[in-house]
Amino acid sequence: MPLRVILGYDIVMSFVSSAAAFIISYYAYRAYSVTKKKSFLLLQLGFTFAGFGLLLDSILLSAAILSRIFHLTTTGYTLYFALTVIAYVLVLSSYAVDKFEFSETSIPSLLPLIGFGALPEGILLTLAGAITIQLGLNFFLNRSVDKLLIFMAFAFIFFGHLFFMLQAIRFAGFLILGHIFRFLGFASFLAFILRVVKPG
Amino acid sequence: MKPYRSRLKIIMDILEAISLHGGKISTILTYANLSHDRCVKYLEELLEKGLVEEGADGYALTERGYKFLQELKRAERLAEAFGFRL
């Protein structure tokens, strides 16, 4: 497959997933504004960070292609990695709301650059796995379609990171699967939101 | 043991009782499972905030109250889906 097609696919999938993350963030914010519950605020922040991570990755990858400044892809992935870690930690901490304090993110130049690779994807995989287990317990204790959709969303995202990690180790073809699974995760979030906002 | 019911959940139950079963105080008491005194306190607060209004047939939801109830229901579903309590 030509590199341009792969990169274009990468950009589009990240962009669409970021839009889904922002929609979830918006509904979590609405829930926070009506209930003032900190867990919703942390959820909202988590999805905002996840959305910005994906969006910046997509934008910087596009910029790298257009400007031919290819180290922008590394900067993009570094930001994606850092923001996604923060996002997952925020989502996890929403289960222990009273304990959590977070600091402002450092400006990118102060962060050590992290290239796409098995280790950062492994870290994201671990965090996504912890959230998936939490949501799996939530679903299996008292089943409902809503709970299943949220559980499936993080399970898909978990497998997305797994495939990205495998791709980084050796198997290049897993890039496509990684993107499909991550997208399916955000699509599950969207399906849940559509059920919630549906009138009646 | 009865599960703990938060203040928000009680308010939601009262608004839902009015929305679904009408605003007679006896109906609200039954549906929201509250003592008379507590129920009246909550209703006074809801009246003050413009979420309910008092009419000839008892209490009714205002436009604002109806929207607030819809938002609360969405928040409850989001909370349940993520395993939080409202």
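What pLDDT does chain A average, and what percentage of its residues score at least 70? This is a predicted model, so let me begin there. Chain A averages a pLDDT of 85. In that chain, 89% of the residues score at least 70. One stretch needs a flag. Over residues 98-111 of chain A, the pLDDT is below 50. Beyond near neighbours in sequence, that stretch has 11 contacts in the model.

Chain B next. Its mean pLDDT is 89. In chain B, 95% of residues reach 70 or more. For the model as a whole, the ipTM is 0.83 and the pTM is 0.79.

How many cavities of 30 Å³ or more turn up in a search of the whole structure? The search finds 2.

Take the largest cavity. It holds about 110 Å³ of space. Its lining has 15 residues. Nearest the centre lie Ala50(A), Thr84(A), Tyr88(A), Ile157(A) and Phe186(A). Helix 2, helix 3, helix 5 and helix 6 of chain A each give two or more residues to that lining. Helix 3 of chain A has the largest share, 5 residues. By class, the lining of the largest cavity has 11 nonpolar residues, 3 polar and 1 charged.

On to the second largest cavity. Its volume is about 40 Å³. Which residues line it? From chain A we have Tyr27(A), Ala31(A), Ile193(A) and Val196(A). From chain B we have Arg74(B), Ala75(B) and Leu78(B). At least two residues each come from helix 1 of chain A, helix 6 of chain A and helix 4 of chain B. Helix 4 of chain B spans 63-82. It gives the most to this lining, with 3 residues. The classes here are 6 nonpolar, no polar and 1 charged.

Next, an open site: the second largest pocket. Its volume is about 440 Å³. It is lined by 19 residues. Nearest its centre are Leu7(A), Asp10(A), Leu61(A), Thr73(A) and Phe116(A). Five elements of chain A give two or more residues each to that lining: helix 1 (3-35), helix 2 (38-67), helix 3 (71-93), helix 5 (145-169) and helix 6 (174-197). The lining of this pocket divides into 11 nonpolar, 4 polar and 4 charged residues.

Last topic: helix packing in chain B. Two packed helices are described by the angle between their axes and the distance between the axes.

Start with helix 1 of chain B, residues 7-21, against helix 3 of chain B. They pack at an angle of about 80°, with axes 11 Å apart. Helix 1 and helix 3 of chain B are therefore roughly perpendicular to each other. Who makes the contact? Helix 1 of chain B brings Arg7(B), Ile10(B), Ile11(B), Ile14(B), Leu15(B) and Ile18(B). Helix 3 of chain B answers with Arg38(B), Tyr42(B), Leu43(B), Glu45(B) and Leu46(B). That contact divides into 8 nonpolar residues, no polar and 3 charged.

Now helix 2 of chain B, residues 25-32, against helix 3 of chain B, residues 36-48. The angle is about 105°, and the axes are 10 Å apart. That makes helix 2 of chain B roughly perpendicular to helix 3 of chain B. On the helix 2 side we find Ile25(B), Ile28(B) and Leu29(B). They meet His36(B), Cys39(B), Val40(B) and Leu43(B) in helix 3 of chain B. By class, this contact has 6 nonpolar residues, 1 polar and no charged.

One residue links the two contacts. Leu43(B) of helix 3 takes part in the contact with helix 1 of chain B, and Leu43(B) also takes part in the contact with helix 2 of chain B.

Methods: Residues are numbered from 1 along each chain as its sequence is written. Chains are lettered from A and ligands numbered from 1 in the order in which they are written. This is a predicted model: local features need pLDDT of at least 70, side-chain atom pairs count only at pLDDT 80 or more; totals for chains, interfaces and linings use all residues. Side-chain values use heavy atoms; hydrogens and water are left out. On a 1 Å grid over the protein atoms alone, a cavity is a set of points where a 1.4 Å probe fits but cannot get out, and a pocket is an open set with protein on both sides within 12 Å along at least five of seven lines; lining residues have an atom within 4 Å of a point. Grid points are joined across faces, edges and corners, and a volume is the space filled by probe spheres set on the points. Helices (H or I, at least four residues) and strands (E, at least two) are DSSP runs, numbered from the N terminus. Ala, Val, Leu, Ile, Met, Phe, Trp, Tyr, Cys and Pro count as nonpolar, Asp, Glu, Lys and Arg as charged, and the others, Gly among them, as polar. Axes are lines fitted to C-alpha atoms, for helices over the stretch in contact, and angles run from 0 to 180 degrees between N-to-C directions. Angles under 35 degrees count as roughly parallel, over 145 as roughly antiparallel, 65 to 115 as roughly perpendicular and the rest as oblique. Contact means heavy atoms within 4.5 Å. pLDDT is the predictor's confidence in each residue, from 0 to 100.
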